[in-house]
Amino acid sequence: MTEIGYTMMCEQTPARQLVRDVAAAEEIGFDYAVISDHYFPWLEEMGHSPYAWSVLGAAAQVTERLPLMTYVTCPIMRYHPAVVAQKAATMGELSQGRFTLGLGAGENLNEHVIGRGWPPVDTRHAMFAEALQIIRDLLEGGYVTRRGEFFNVDSAKLFDRPDDGVPLAIAASGEQSLALARQFGDGLVAVDPDAELVRGFGGQGKPVYGQLPVCFDPDRQAAVERAHRLWRWSAAGWKVMAELPAPVNFAAYTQSVRPEDVAAKVPCGPDVDAVVQAVRAYTDAGFTHVALVQIGHEHQDAFLQWSAKELLPALREGT
């Protein structure tokens, strides 16, 4: 059975509410929770972007059983990989083994803030490969020293880390990133329900994580309008999304995106069957986990109530 996750969407939600909402998600029966790790929201209208790792620490303390995961962290610029390894190990300890480190090669939107520019994609993947090796070595224990093309590490060691380690889930969208997922990943993260990508990963018995935006509202038209206002950035597609540097650029790119364009990809309104069908597309492609994102932080309570009464039972029966 597909595990259904809840998304703490930092780009649209204040920090304290993220913590409150994940505790409620555990209580009503979601199987796991993921958190986005951004410096900026995609659009100014989204209005938030707290530091994901502080939120994760709080989430570990207000939950007891819920597995937690970054979806995803970039370890190539804004964070040095040695620091990412320390954060992940600490989260593994705080959560008593409930944490998975989701990693990806990042987006210009979040990484340009350190003022080093945004490398071309081949360079980013080379940086990502080097960062993954450092993170894995540190999580395995012992001292690590490295003089690399992109990163140096001088006698680093993690003194607090879970005995069983921290699983790594690697985001992939093409052959370069997929090769890294095969080499380093205990799991795969993918944006679209792409069966070919899952087959290319070839991780028998390993989890495959996807994510599905939904916009619940009793009034479907209100849901469509909100999804367009807050989620139209997603129409850009990953190859564009990874390159644009700021919310204003996403706003400019999406000027021609219509509400019906977003509604064609995002289940909107109170239609349980539409969400079940959308999740089934991931399940049929070989995904073992699908995290739902409710669009709009003011509507999380209503979404959670709907999930408890209608959506989660239907998903467990239908997928």
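Arg20, Asp21 and Asp301 are joined in a network of salt bridges, a salt bridge being a side-chain nitrogen of Lys or Arg within 4 Å of a carboxyl oxygen of Asp or Glu. Across the whole structure, a search finds 11 salt bridges. The model is a predicted one, in which local features need pLDDT of at least 70 and side-chain atom pairs count only at pLDDT 80 or more, whereas totals for chains, interfaces and linings use all residues. Residues are numbered from 1 along each chain as its sequence is written, and side-chain values use heavy atoms, with hydrogens and water left out.

One of these pairs is formed by Asp37 and Arg78, whose side chains meet in a salt bridge at 3.7 Å, N to O. Asp37 lies in the loop between β2 (32–35) and α2 (52–62), and Arg78 in the loop between β3 (68–70) and α3 (81–94), so the pair ties together parts that are 41 residues apart in sequence. The helices (H or I, at least four residues) and strands (E, at least two) named here are DSSP runs, numbered from the N terminus. Asp37 is buried, at 3% relative accessible area, and Arg78 is also counted as buried, at 15%; buried means under 20% relative accessible area, exposed over 50% and partly exposed in between, with a 1.4 Å probe and protein chains only.

Glu175, which is exposed at 51%, forms a salt bridge with Arg182, their closest N and O atoms being 2.7 Å apart, and Arg182 is partly exposed at 36%. In the salt bridge between Arg258 and Asp261, the closest N and O atoms are 2.8 Å apart; Arg258 is partly exposed at 44%, and Asp261 is partly exposed at 28%.

Helix α1 (residues 15–28) packs against α2 at an angle of about 35 degrees, with the axes 9 Å apart, where axes are lines fitted to C-alpha atoms over the stretch in contact and angles run from 0 to 180 degrees between N-to-C directions. The contact (heavy atoms within 4.5 Å) is made by Ala15, Leu18, Val19, Val22, Ala23 and Glu26 of α1 together with Val55, Ala58, Ala59 and Val62 of α2. By class, this contact has nine nonpolar residues, no polar ones and one charged residue, with Ala, Val, Leu, Ile, Met, Phe, Trp, Tyr, Cys and Pro counted as nonpolar, Asp, Glu, Lys and Arg as charged, and the others, Gly among them, as polar.
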